[in-house]
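Dear colleague,

I am handing over the structure we spoke about, and below it you will find some notes on what was found. Please read them alongside the coordinates when you have a moment.

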Amino acid sequence: MFPRFEQQLQQRRQRLERNLNHYLAMLPAINTQLATVINYGVLSGGKRLRALLLYSVGDCLLLPFEQLDAPATAVECLHAYTLLHDDLPAMDNSPLRRGKPTAHIKFGEGLAILAGDALQAIAFSILSQPFVESISPSTQLAMLQELAATSHGLCHGQALDLQVTSATTLLPETLTQIHYYKTALLIRCAVRLAVFAASPPILDQLPDFDQFSTALGLAFQLQDDILDVTTDTQQLGKPQGHDQQCGKAYWHAANLTIAKQQLQQLYQTAFQNLKRLPYNTLPLQIFADYLQNRVY
């Protein structure tokens with residue numbers, strides 16, 4: 001359905017993989033076992049959607065890749081950290097990620113925790129290095145502050161998620177709050193970092209970008225939760241029905257019709273917010289449409 005767009009995504013994934021390999025290769029080889037787990041957490045596949053979304057915002061703003069590479073790579077490292085920690089027995093307790101054993105299954109819990117800790121620091125290290133002259137120190141500081149606020153928010157989302165049990169009466173607004181902090185916040189961060197990368201940063205347009213990315217992020221997580229119920233393990237790359245097995249009484253699991261209606265409303269909100277932006281938002285429209293039609 002999106003052959004040309006998928007080809008573009010693949011080319012950008014390859015660029016991102018080169019950058020990830022470059023930064024990881026520069027790390028001091030203090031402990032080769034930990035380095036192996038870090039590489040496993042980052043380089044063992046993945047859709048790279050957050051980084052690719054960042055590049056798509058760059059398309060709208062006519063930004064060169066060189067202004068976006070470091071933020072995109074940092075976002076992907078931060079995302080990899082969250083996955084390593086989310087999969088742990090004390091969190092989501094998942095045995096599979098991207099069709100492969102999760103890091104704690106393959107290497108042990110201790111190394112999985114340390115690799116996640118390291119990747120969070122690596123994300124900040126990447127973004128703190130000078131990368132292009134057009135990005136001022138003050139803008140770079142704003143990027144780092146955004147990454148820090150997002151990292152804190154992600155922990156808050158995971159803490160909220162841990163409070164959900166089979167006995168929980170989960171209100172829709174509570175689920176939305178979990179989805180916002182656990183998923184939408186990092187998607188919003190990716191969009192914001194691209195906006196900051198403009199020269200000068202177009203901060204007056206930030207509220208419209210925020211509303212778009214928040215709606216897109218909420219849709220992305222709700223879609224994930226629906227797929228967890230409706231898609232098989234092989235296609236998902238992680239266990240089908242894992243949320244239910246963990247005793248998370250998500251309200252929509254019992255009523256997929258309502259969940260799917262809400263999903264459509266969130267995507268419509270995302271598309272409507274794009275119309276307010278004074279740019280060629282076609283790249284973001286295509287990206288959102290691509291996400292809306294994904295099956296895993």
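Is L62 buried or exposed? With a relative accessible area of 74%, L62 is exposed, where exposed means over 50% relative accessible area, buried under 20% and partly exposed in between, computed with a 1.4 Å probe on protein chains only.

Before going further, please note that this is a predicted model, in which local features need pLDDT of at least 70 and side-chain atom pairs count only at pLDDT 80 or more, while totals for chains, interfaces and linings use all residues. Residues are numbered from 1 along each chain as its sequence is written, and side-chain values use heavy atoms, with hydrogens and water left out.

L62 is found in the loop between α3 and α4 (69-86), the helices being DSSP runs (H or I, at least four residues) numbered from the N terminus. Its phi is near 60°, a positive value in a residue other than glycine. R48, in the loop between α2 (32-43) and α3 (49-60), likewise has a phi near 60°, but R48 counts as buried, because its relative accessibility is 3%.

Most residues other than glycine have a negative phi, and most peptide bonds are trans. The peptide bond from S199 to P200, however, is cis, with omega near -5°, and P200 lies in the loop between α8 (172-197) and α9 (206-230).

Finally, Q262 belongs to helix α12 (residues 256-274) and counts as partly exposed at 24% relative accessibility. From Q262 to L218 the C-alpha to C-alpha distance is 10.0 Å, although 44 residues separate them in sequence.

Note on methods:
Helix = DSSP H or I, 4+ residues; strand = E, 2+ residues; numbered from the N terminus.
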